[in-house]
Amino acid sequence: WAHPRGWEVDYPIVDDEDVTEEMIRDHNLVLIGPPSSNLLTRRWNDRLPITIDDDTIHLGSRAYSAVQAGAVFVAPNPDADEQALLVIAGPSPLGTWRSLCLPDILPDYVVIDEGIDGARNQWAAGGTGGEYLEAGFFGMDWSLPAAPPE
């Protein structure tokens with residue numbers, strides 16, 4: 001995640017225990033790991049549009065409990081209105097790891113499992129690439145669609 005293929009980026013990698021309130025206030029953050037293993041994901045889990053518990057990813061009333069399920073989504077930082085979060089997490093380590101198979105272009109949120117494998121090194125998923133369990137865009141108020149997008 002620190003060195004994505006085809007991108008030249010230079011940003012600090014900081015352990016969740018070492019993130020300061022100043023960093024939270026002044027920076028966009030990438031959170032890797034579910035609430036059970038990341039203090040910041042745990043801190044904000046109940047205030048994010050997608051939540052994760054020990055075995056399930058929740059999108060409102062929809063839930064995904066596949067063994068290798070993972071979610072990747074952007075959301076506003078609940079404690080810093082001007083900053084955003086990118087959350088990469090699954091209930092299990094394998095669900096989080098599956099994010100490495102994502103294509104280059106993503107909507108606001110995706111829920112994945114092992115079916116995403118075919119999208120690795122592709123521009124987008126679907127067709128001949130991997131498939132999402134669910135993917136879509138949040139409303140202007142960061143709300144989820146009432147039903148999964150078709």
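Which residue in E6 stands opposite Val72? The residue is Ile88.

The model is predicted, and its local features need pLDDT of at least 70, side-chain atom pairs count only at pLDDT 80 or more, and totals for chains, interfaces and linings use all residues. Residues are numbered from 1 along each chain as its sequence is written, and side-chain values use heavy atoms, with hydrogens and water left out.

**View 1. Strands E5 and E6 run antiparallel.** Strands (E, at least two residues) and helices (H or I, at least four) are DSSP runs numbered from the N terminus. Seven bridges join E5 to E6, which covers residues 80–89. Two strands pair if DSSP finds at least two bridges between them.

**View 2. Strand E7 lies between E5 and E8 in the sheet order.** E5 (residues 70–77) is joined to E7 by four antiparallel bridges, with Ala71 and Val111 as bridge partners. Three bridges pair E7 with E8 (residues 134–136), again antiparallel, and Glu134 of E8 is opposite Val111.

**View 3. The side chains of E7 (residues 109–112) point two ways.** Tyr109 and Val111 point one way, and Val110 and Ile112 the other.

**View 4. The open sheet has five strands.** Their order is E1-E6-E5-E7-E8, with mixed pairing. E1 (29–32) and E8 stand at the edges with a single partner strand each, so one side of each has no neighbour in the sheet.

Conventions
Buried means under 20% relative accessible area, exposed over 50%, partly exposed in between (1.4 Å probe, protein chains only).
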